[in-house]
Amino acid sequence: MQAINASIGFDRKMWRQDIEGSLAHAAMLAHVGIISAEDEAAIRRGMAEIAQRIEAGGMEWDERLEDIHTHVEAALVALIGDAGKRLHTGRSRNDQVALDVRLWVRDAIDGLSGQITDVMRALVARAEEHAGTVMPGFTHLQPAQPVTFGHHMLAYVEMLSRDLSRFRDARARLNECPLGAAALAGTGFPVDRHMTAKALGFDGPTRNSLDSVASRDFAAEFLFACAMCATHLSRFAEEIVIWTNPYFGFVKLSDAFTTGSSIMPQKRNPDAAELVRGKTGRIFGALMGLLTVQKGLALTYFKDMQEDKEGIFDAAESLTLNLAAIAGMVRDMQPDAARLEAAAGAGFSTATDLADWLVRELKMPFRDAHHVTGRLVQKAEAKGCDLAGLSLAEMQAEEARITDAIYGVLTVQASVASRTSFGGTAPENVRRAAAEWREKLG
Ligand code: ARG
């Protein structure tokens, strides 16, 4: 029973939140006259000592005491006696744990939000540096059209800004205080739930005591925000794996983010990126786990809910590592501009520019232009050259009205410079967007 029942092995991570909640509860109990001012002072002193002891690693954790709530309370009673025994008046471990988890998740959101902002800043700096660096843009991982490296960096800034706003939304929704719901029905003591809510930085108390102790949707929402952010980082990690592969050679990572092999001396493996991708799996697992834990629960509290914590902790820790690793790699990676540009021109990547020229200059309907261009691509492929390698005569054999002005749109620089539509990849757009982000991020 002890082995399956105890949560102290993991929920002691919430000791700060548990003490913070108890101090707010004690202050409120004294304020409304349920305990004396002396009792509250003793609780305050005792809790300070317990916090010090835990911080210094001097707390003895004992499975028989089940969880962090019981440990802190037992230590308090051992220190200050009866005043400690009065702390739990008008409170249950059910509202206590609901509070602690909310506080822990709220702190995690604040920490992760700061880290996301840091990654965004790093990406924006690289985007400004490489606003005009041309690289291949892909669909289906096949060469599609030239884009700029800066534009690619800013794509992730957009994704991360939505992640940030998802965390912000989750924080706003979870920011109600369950303390005072007691076991499930509320309490007959004249507690002031608005006071504790305010003291703990909440917008107000939760409005229904049953919901307060039964609900963990705030945690599931947090885990979804983690999972979505991890997905974005994982896609970036996958690109780093591809880009650092010598066959691509788009970017180099220093030894700080690669490892060698124990047998193959030439290896530089992108382990950090691989782990960012790999850890995404456990974050998904945490989300799925918590949803599943809750799906069959009648109201209100069941011990099943104790299974909420490890997934939450693990997901937050994994995402913390992933964000730190990505921030480091974004700052570390060295794009190879010459290779990127050469790759950008391969695979007839300016074929769309050629078709657009036919539309613009010859007033050809786009579908016809697409057709003519397709034949020119076939011709170049047969000849073993790129589109600019076809002579004017060879081009005119397909479409007599083509002039040598067409060669002006076949370079990758001309291609990206022409993409000036709002949100397009043109270097001037990238510079403007990066400057806006830099301003916004401070
Ligand atoms: N360790 C418990 C948990 O994490 C605390 C709440 C215990 N409440 C109870 N009625 N047994 O959920």
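Helices (H or I, at least four residues) and strands (E, at least two) are taken here as DSSP runs, numbered from the N terminus. The structure is a predicted model, in which local features need pLDDT of at least 70 and side-chain atom pairs count only at pLDDT 80 or more, while totals for chains, interfaces and linings use all residues. Residues are numbered from 1 along each chain as its sequence is written, and side-chain values use heavy atoms, with hydrogens and water left out.

The ligand is surrounded by Ser7, Asp11, Asp67, His69, Arg93, Asn94, Val97, Tyr301, Lys303, Gln306 and Lys309, a residue being near a molecule or strand if one of its heavy atoms lies within 4 Å of it. By class, this shell comprises 5 charged, 4 polar and 2 nonpolar residues, where Ala, Val, Leu, Ile, Met, Phe, Trp, Tyr, Cys and Pro count as nonpolar, Asp, Glu, Lys and Arg as charged, and the others, Gly among them, as polar. Helix α7 (residues 93-129) contributes the largest share of the shell, 3 residues.

Polar contacts are pairs of N or O atoms within 3.5 Å; within protein, one atom must be able to donate a hydrogen and the other to accept it, and residues adjacent in sequence count only if both atoms are side-chain atoms. A polar side-chain atom of Lys309 lies 2.5 Å from an oxygen atom of the ligand, whereas an N or O atom in the side chain of Asn94 is 2.9 Å from a ligand nitrogen atom, and a polar side-chain atom of Ser7 is 3.4 Å from a nitrogen atom of the ligand. Taken alone, the ligand exposes 340 Å², of which the protein buries 86%; accessible areas come from the Shrake-Rupley method with a 1.4 Å probe, and for residues only the protein chains shown count as cover.

Helix packing was described with axes fitted as lines to C-alpha atoms, for helices over the stretch in contact, and with angles running from 0 to 180 degrees between N-to-C directions. Angles under 35 degrees count as roughly parallel, over 145 as roughly antiparallel, 65 to 115 as roughly perpendicular and the rest as oblique. The axes of α7 and helix α8 (residues 149-174) come within 9 Å and cross at roughly 165°, and the two helices are therefore roughly antiparallel to each other. The contact of α7 with α8 has 18 nonpolar, 4 polar and 6 charged residues. Helix α7 also packs with helix α19 (residues 427-441) at an angle of about 150°, with their axes 9 Å apart, which makes α7 roughly antiparallel to α19.

Helix α4 (residues 37-55) packs with helix α5 (residues 68-80) at about 120°, their axes being 9 Å apart, and α4 and α5 are therefore oblique to each other. The loop between α4 and α5 holds Glu66, a residue other than glycine whose phi is positive, near 60°. A further backbone feature is the cis peptide bond from Leu299 to Thr300, with omega near 5°; Thr300 is placed in the loop between α12 (271-295) and α13 (309-332).
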